[in-house]
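Let's take a walk through this model together, one region at a time. Have the sequence and the 3D view open as you read.

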Amino acid sequence: MPELPEVETVRRGLDGVLVGRTITGLEVTGRRSVRRQRPGELVERVVGRRVVLVERRGKYLALVLDDDQVLVIHLRMSGQLLSVKDPHARPRAPHTHVVMGLEDGSEVRFVDARTFGEWFVTDDVRDDGLPSFFDQLGPDPLVDGLTAPVLRERIAGKRTAIKVALTDQHVVAGIGNLYADEICYAARVLPTRRCDTLDEEEIRRIAAAARRILREAIVLRGSSLRDARYRDLMGDLGGYQTRHRAYGRAGEGCRRCGGTIERLEIGARSAYCCRGCQH
Ligand SMILES: [Zn+2]
């Protein structure tokens with residue numbers, strides 16, 4: 001599932017192909033990709049509009065249009081955006097559910113095998129032009145920063161596991177299953193640790209690890225796993241998967257202490273960690 005580094009990589013790509021361009025067509029063929037409004041309404045509201053800004057908060061992409069509406073795209077589990085310069089030369093991939101045509105003849109295609117991703121347009125916006133529902137998101141580590149005092153305040157008094165808190169989009173926006181494991185590993189804190197047992201030093205290490213890991217992952221254009229489902233806007237794979245130290249490495253050696261990476265269960269989800277050097 002794309003998390004902050006992957007969505008930010010896609011945002012940077014979209015910035016180059018969308019800003020200043022007019023949307024000349026929108027074709028919705030997926031039955032689930034537009035579900036907060038009728039597909040016809042979405043098409044009517046965005047076709048003919050020019051994209052003035054491509055923003056991101058957490059895992060949401062926000063295309064600000066020239067009439068102050070915002071086209072929101074949420075990739076969720078498997079959504080993928082692809083820029084196609086010459087649409088006639090490239091057949092549509094299976095599971096292409098939305099196709100946006102642009103004035104220069106190019107297309108942005110939305111491919112989503114699992115169909116959890118969605119597109120919708122909203123005119124319910126804040127003073128900064130972004131959707132009002134962004135107020136419900138926690139701070140975005142890249143845009144708002146994530147300092148130790150901010151993280152301490154966000155998790156104060158919580159009895160949940162730190163991994164559960166880090167992946168709760170109301171607590172911090174943008175972190176999911178993969179980067180939460182990498183952040184806990186880098187901070188030498190078990191993902192199962194209850195938030196209200198963390199001391200100042202541990203909170204400081206978690207905040208610092210989050211900033212560093214998310215930044216490094218963006219530099220390497222995100223993580224593509226074995227399913228190769230995440231690709232950037234041009235269809236290229238990310239490179240951060242080679243740096244994973246915990247996620248997906250159950251049974252393999254810990255590169256820090258020589259112990260073994262284990263896969264633990266936290267509720268319905270898994271957490272990869274090393275009990276030798278994470279406490
Ligand atoms: Zn270890």
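Between which two strands does the loop that holds Asp68 lie? Asp68 sits in the loop between strand 3 (60–65) and strand 4 (70–74); helices (H or I, at least four residues) and strands (E, at least two) are DSSP runs, numbered from the N terminus. Before we go on, a word on the ground rules: this is a predicted model, in which local features need pLDDT of at least 70 and side-chain atom pairs count only at pLDDT 80 or more, while totals for chains, interfaces and linings use all residues. Residues are numbered from 1 along each chain as its sequence is written, and side-chain values use heavy atoms, with hydrogens and water left out.

Back to Asp68, which has a positive phi of about 75 degrees although it is not a glycine. Most residues other than glycine have a negative phi. Asp68 is exposed, because its relative accessible area is 54% (buried means under 20% relative accessible area, exposed over 50%, partly exposed in between, with a 1.4 Å probe and protein chains only). Thr115 is another non-glycine residue with a positive phi, here about 60 degrees, and you will find Thr115 in the loop between strand 7 (107–111) and strand 8 (118–122).

Now look at Ser33, in the loop between strand 1 (23–28) and helix 2 (39–46). With a relative accessible area of 1%, Ser33 is buried. Leaving aside neighbours within four places in sequence, Ser33 is in contact (heavy atoms within 4.5 Å) with His97, Val98, Phe110, Gly117, Glu118 and Trp119.

The axes of helix 5 (residues 177–186) and helix 6 come within 8 Å and cross at roughly 130 degrees; axes are lines fitted to C-alpha atoms, for helices over the stretch in contact, and angles run from 0 to 180 degrees between N-to-C directions. That angle makes helix 5 oblique to helix 6 (under 35 degrees counts as roughly parallel, over 145 as roughly antiparallel, 65 to 115 as roughly perpendicular and the rest as oblique). Residues that meet here include Tyr179 and Ile183 in helix 5, and Ile206, Ala210 and Ile213 in helix 6. Helix 1 (residues 4–18) also packs on helix 6, at an angle of about 40 degrees and with the axes 9 Å apart. Helix 1 is therefore oblique to helix 6. Their contact is made by Leu4, Pro5, Glu8, Thr9 and Arg12 of helix 1 and Leu214, Ala217 and Ile218 of helix 6.

Ala246 is buried, with a relative accessible area of 0%, and touches Asp181, Glu182, Tyr185, Ile261 and Tyr272, not counting residues up to four places away in sequence.

Our last stop is the zinc ion, whose protein donors are Cys254 (SG), Cys257 (SG), Cys274 (SG) and Cys277 (SG), lying 2.2 to 2.3 Å from it. Donors are N, O and S atoms within 2.8 Å of the metal (3.2 Å for Na, K and Ca). Along the chain, these donors follow the spacing C-x2-C-x16-C-x2-C. Cys257 is partly exposed at 37% relative accessibility, whereas Cys274 is buried at 0%.
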